[in-house]
Amino acid sequence: MSTTDAPKKSRETDDVPVPATLRKSLKNRHIQLIALGGAIGTGLFYGSSESIALAGPSILLAYLVGGLAIFAIVRALSEMSVEDPKAGAFSYYATRYWSKRAGFISGWNYWFNYILVSMVELSVVGSFVNYWFPAIPTWVSAAVFLVIICAANLLGVSKFGEFEFWFAIIKIVAVIAMIIGGLAVIIFVLPTASGVRASFANWFTVGNGFFPNGLMGQNSDGSWTGLLMALVVVMFSFGGTELIGITAGETEDPKTTIPRATNDIIWRILVFYIGALGVIMAVVPWNTIDGKSSPFVQIFDSVGIHAAAGILNFVCLTAVMSVYNSGLYANSRMLYSLAKQGNAPAYLGKLNSRGVPVAGVLTSAAITAIAVVVVFVWPEFAFNYLMSIATIAGIINWTMIMLTEMKFRKVVAAGGAPEDSELAGLSGQEALDAIHFKLPFAKVTPWVVLAFLALVVVLMCFSTSYRIAVIAGVIWLAILFAAYQLTQAKK
């Protein structure tokens, strides 16, 4: 039976014999959990100990400020995604509303960023597997999970959505269980492992109070600490929230789903970061959180669940799988978008009958596999240099989103809205007023966010571990500019 003779089915599924096209198969529950899962990862479960050590209880303010900045960034992206839902999101928007060069830089920067993030996640997956099966070589674990996630992405976008939905559920249940357990210790005045009575008053009475290291100060060893320095760590824990924009081109009802998921980000940050860490520091004295074990393990131990390490190991294993699952999805769609823009080889813009950019999935997976090999062979080089580029790439990405949003509004005001948008035919203030999901205080917000991101970059220069990222970022941008000029010269 030919494709055209096949019986017509709903395009809600990925097994539909219609011409190759991206499928709008992601439902509201998928988008909600993808957005939430993107904000909860190993950075919260393990990395939070670093930020607590820097700022003490005032880290809660750092997560609030950083969360507001991320909320504004995702709102800016969602404003464009609702009016013009396309695969590749910010790369497509940068090309459409700014310039082809901007689209090239935005797209390849994001793709390479997720390659490096995926590389690190896969390189550590073996350590989680070895917790139960120490005889399995770490490279075997990395290879197995790479193949599993790659296969899941090749099945279609709805299958990706299901995988991500359940990965996110596991992380959410773990955080909620920790919060409930911690509150039980506080309310019923249960004994704790530290011997210190659990109370929210511990924020102000333990270790020099709420601001133990002030806004910014220098330790005896010359390292910088304080609330401002913690902002650097906090911001990178929010990486992945912009995935909402990537999914817009394959969402059932972007005008409803994207705004709902975006607006929910702020309370997710309040509950899952500020709420969780607030409870942790009420039960476990913050100055005893030294990073040797996860704060989540410590609070579970305090509740009396001594299998906490094993439970958290499982949660972190699923979190790593979730990050790579999202990364491979985002990268394949980014390559697809770049190919459609003429900023990547044409073969990456082809879809199979399930609406999956197979070449993008396989190419991204292959490059990630090579990167993982680099980690195993030269771990010091990989983590010191490659990850510094990934660190600054996140700042570049968020900066490009805010600049593109301003360009988007200029184009819309000039009457250049997408033809299939409700804004088509409108111009001036009338067009701007008709935007379905507006960025709040759009004339001011982008500049405030850009100034905040610039502050984060300046603060990075005070940290020896992050300073190299700033230098790498300048070099990385120069490479992207040169690569664009080279590709144009060849054409």
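Colleague: Leaving out residues up to four places away in sequence, what does Ile 59 touch?
Modeller: Ser 51, Ile 52, Ala 230, Val 234 and Met 281. Keep in mind that this is a predicted model.

Colleague: Okay, and which residues touch the most other members of the largest nonpolar core?
Modeller: Ile 59 is one of them, along with Val 175, Met 178, Ile 246 and Phe 296. That core has 163 residues.

Colleague: Switching topic: at what angle do H8 and H14 pack?
Modeller: About 150 degrees, and their axes are 9 Å apart. H8 covers residues 157–187, while H14 covers 308–341. Since angles over 145 degrees count that way, H8 is roughly antiparallel to H14.

Colleague: Which hand is the crossing of H8 and H14, left or right?
Modeller: The crossing is left-handed. Residues that meet there include Phe 160 and Phe 163 from H8, and Phe 314 and Tyr 329 from H14.

Colleague: New one: where is Tyr 131 found?
Modeller: In the loop between helix H6 and helix H7. Tyr 131 counts as partly exposed because its relative accessibility is 45%.

Colleague: What does Tyr 131 touch, not counting residues up to four places away in sequence?
Modeller: Ala 309, Gly 310 and Asn 313. Tyr 131 and Asn 313 are 182 residues apart along the chain, yet their C-alpha atoms are separated by 7.6 Å.

How values were computed
Residues are numbered from 1 along each chain as its sequence is written. This is a predicted model: local features need pLDDT of at least 70, side-chain atom pairs count only at pLDDT 80 or more; totals for chains, interfaces and linings use all residues. Side-chain values use heavy atoms; hydrogens and water are left out. A nonpolar core is a set of buried Ala, Val, Leu, Ile, Met, Phe, Trp, Tyr and Cys residues joined through side-chain atoms within 4.5 Å. Buried means under 20% relative accessible area, exposed over 50%, partly exposed in between (1.4 Å probe, protein chains only). Contact means heavy atoms within 4.5 Å. Axes are lines fitted to C-alpha atoms, for helices over the stretch in contact, and angles run from 0 to 180 degrees between N-to-C directions. Helices (H or I, at least four residues) and strands (E, at least two) are DSSP runs, numbered from the N terminus. Angles under 35 degrees count as roughly parallel, over 145 as roughly antiparallel, 65 to 115 as roughly perpendicular and the rest as oblique. A crossing is left-handed if the near helix is turned anticlockwise from the far one by less than a right angle, and right-handed if clockwise.
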